[in-house]
Amino acid sequence: MSFLPVIGWLLPICWPRSWVKQDDAKLDAFVTAQEKEVSVLHEGIYSKVEADRELDVIPIEDALLVSEHGVRRKVMIDVLKQDSMRHMELLQEAVSNEDTETSHYAVSAIMEIKRKLALSLQELSVQYETDKQDEHLLLAYIGVLKSFMKSGFLDERTLRQYKFTYLSVLQSLLEVSPNTEFAYPEKINTELELELYVEAEETGHLYASNFPQSEEAYLALMKVYFSTKSSDKLQDTLNSLKKSPLNLSNRALTLVRFWSEGA
């Protein structure tokens, strides 16, 4: 266009169409190749991320047994960032870990949990003696008592004492709020552990009376009669459950079949 001011503007019109098509084809091929390359790159990155994620999702117990010390310590730190009480059994196992730093983390966590639970128990105990009608207080006290009893900190004699306290608080809760269903099986199980069989049966009947549409009430009573070796009462409760209009869960159906076959 510079050398031929007038004719140069007309040259694109006369340009061979095959040249244009070839250039377009090359451009399309280049763009397609780039898109494929980007797609492959993204797939590779995604696969690597997923692989790393899968490698990270391993049982914590296995990590403490077979992983390198650095991984064990990282696992313990991750546990400490979460609700340590939920991992109490794991922490107790980690105390004897061959890696001294991992063991130190576990011991420190357990001591901190024990300190917090003891402090909470002390505060709630004082509040409970002052006011046994506060449902929120009772629920909080029950939760802390249960955690403390499951912690493994207590010897058998002290644990037994706390179980009686636990029963007392559960009884207070049922008096204040008789529709709190979870308290019935908790009370029954604790009474059975303390061999308070008469009390356990009474709680079972109270449970069934307040929750006639709950399969758990029937199962709790059956557990009481199994513990007391009262086969006739167990069979009567089983028959009542069979005749009830309840839609039984798989667990309940399994138990009904088991006891029916054993009858």
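Does Lys233 count as buried, partly exposed or exposed, and what is its relative accessibility? In this predicted model, Lys233 has a relative accessibility of 40% and therefore counts as partly exposed.

Lys233 takes part in a salt bridge with Glu201, whose closest N and O atoms are 3.2 Å apart. Because Lys233 belongs to helix H12 and Glu201 to helix H10 (residues 197-210), the pair ties together parts that are 32 residues apart in sequence. Glu201 is likewise partly exposed, at a relative accessible area of 21%.

The crossing of H11 past H12 is left-handed. On the H11 side, the contact is made by Tyr218, Leu219, Leu221, Met222, Tyr225 and Phe226, while H12 contributes Lys233, Leu234, Thr237, Leu238, Ser240 and Leu241. By class, these residues comprise nine nonpolar, two polar and one charged.

The structure as a whole holds five salt bridges, and two of them involve helix H9 (residues 183-193). One joins the side chains of Glu186 and Lys146 at 2.9 Å, N to O. This pair links distant parts of the chain, 40 residues apart, with Glu186 in H9 and Lys146 in helix H7 (residues 135-150). Glu186 is buried at 18% relative accessible area, whereas Lys146 is partly exposed at 32%.

Another salt bridge, between Glu191 and Lys187, has an N to O distance of 2.5 Å. Because these residues are four apart in helix H9, about one helical turn separates them. Both partners are buried: Glu191 has a relative accessibility of 2%, and Lys187 one of 8%.

Terms used: Residues are numbered from 1 along each chain as its sequence is written. This is a predicted model: local features need pLDDT of at least 70, side-chain atom pairs count only at pLDDT 80 or more; totals for chains, interfaces and linings use all residues. Side-chain values use heavy atoms; hydrogens and water are left out. A crossing is left-handed if the near helix is turned anticlockwise from the far one by less than a right angle, and right-handed if clockwise. Helices (H or I, at least four residues) and strands (E, at least two) are DSSP runs, numbered from the N terminus. Contact means heavy atoms within 4.5 Å. Ala, Val, Leu, Ile, Met, Phe, Trp, Tyr, Cys and Pro count as nonpolar, Asp, Glu, Lys and Arg as charged, and the others, Gly among them, as polar. A salt bridge is a side-chain nitrogen of Lys or Arg within 4 Å of a carboxyl oxygen of Asp or Glu. Buried means under 20% relative accessible area, exposed over 50%, partly exposed in between (1.4 Å probe, protein chains only).
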